[in-house]
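Here is a friendly walk through some side-chain contacts. Have a look at the sequence and the fold first, and then read on.

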Amino acid sequence: MNTNKNEKFNAKTETQDGVCTVYLTGELDLSVAPEFRLVMEPLVDNKEQDLIINMKDLKYIDSTGIGILLSVLKARHGMEARFEVQEVPAQIQKLFDMTGIAKFFVSQKNSQ
C-alpha cells in the first residue's frame with residue numbers, strides 16, 4: 001500500500017514469511033499523520049505477524065510521528081507481539097535519544 005497524496009512522504013508495506021515491514025521515506029509530520037495512521041491501523045492488530053518499521057529513507061519525523069510510533073509500540077506490547085524499528089538515520093536516532101524514547105524501541109542497524 002502506498003500513500004502518495006504528499007510526495008514528501010511514502011509508506012510502503014512488504015510482507016514476507018510472517019513479517020510485515022513498513023518502509024518509510026520522506027518526512028513524517030503532522031500533515032501526513034492521517035495517511036500514516038491509515039497504513040498502520042490494519043497492521044498493528046495482526047499479532048500473527050511481526051511488525052517492522054524501516055526508517056532508512058526517512059528524512060524527518062516530528063512529535064506527531066513519534067506519537068504514532070509510541071501508540072503502535074504500546075498496542076503491540078499489550079498484545080505481546082513483536083515490533084521493531086530498523087535502520088534509523090543518525091539525525092532521527094539523535095532525536096529518539098534526546099527525548100528518551102530510544103530505549104523503548106528494539107532497533108537494528110541492518111534490516112537483513
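Let's begin with glutamate 84, which is buried because its relative accessible area is 2%, under the 20% cut-off. Please keep in mind that this is a predicted model. Glutamate 84 makes a salt bridge with arginine 82, and their closest N and O atoms are 2.4 Å apart.

Arginine 82 also meets the side chain of aspartate 50 in a salt bridge, at 2.9 Å from N to O. That pair joins distant parts of the chain: arginine 82 sits in the loop between helix 2 (63-78) and strand 4, aspartate 50 lies in strand 3, and the two are 32 residues apart. Arginine 82 is partly exposed, with a relative accessible area of 34%, and aspartate 50 counts as partly exposed at 26%. Together, Asp50, Arg82 and Glu84 are linked in a network of salt bridges.

## Another salt bridge

How many salt bridges does a search of the whole structure find? The search finds three. One of them brings together the side chains of glutamate 27 and lysine 8, at 3.5 Å from N to O. This pair, too, links distant parts of the chain, with glutamate 27 in strand 2 (residues 19-28) and lysine 8 in the segment before strand 1, 19 residues apart. Glutamate 27 is partly exposed at 28% relative accessibility, and lysine 8 is partly exposed at 45%.

## Aromatic pairs

Now for the rings: the structure holds three aromatic pairs. In one of them, the ring centres of phenylalanine 9 and phenylalanine 36 are 6.0 Å apart and the planes stand at 80°, so the pair is edge-to-face. Phenylalanine 9 belongs to strand 1 (residues 9-16) and phenylalanine 36 to helix 1 (residues 33-44), 27 residues apart. Both phenylalanine 9 and phenylalanine 36 are buried.

Phenylalanine 83 and phenylalanine 105 also form an edge-to-face pair, with 6.3 Å centre to centre and 65° between the planes. Here phenylalanine 83 is in strand 4 (residues 83-86), while phenylalanine 105 is in the loop between helix 3 (90-99) and strand 5 (106-108), 22 residues apart. Both phenylalanine 83 and phenylalanine 105 are buried. Phe83, Phe96 and Phe105 form one aromatic cluster.

## An exposed loop residue

Aspartate 45 is found in the loop between helix 1 and strand 3 (50-61). Is aspartate 45 buried or exposed? Aspartate 45 is exposed, because its relative accessible area is 58%, over the 50% cut-off. Aspartate 45 and alanine 81 are 36 residues apart in sequence, and their C-alpha atoms are 9.0 Å apart in space.

Note on methods
Residues numbered from 1 in each chain as written. Predicted model: local features only at pLDDT ≥ 70, side-chain atom pairs only at ≥ 80, totals over all residues. Heavy atoms only, no water. Phe/Tyr/Trp six-rings, centres within 6.5 Å; stacked < 30°, edge-to-face > 60°. Helix = DSSP H or I, 4+ residues; strand = E, 2+ residues; numbered from the N terminus. Buried < 20%, exposed > 50% of the residue type's maximum accessible area, 1.4 Å probe, protein only. Salt bridge = Lys/Arg side-chain N within 4 Å of Asp/Glu carboxyl O.
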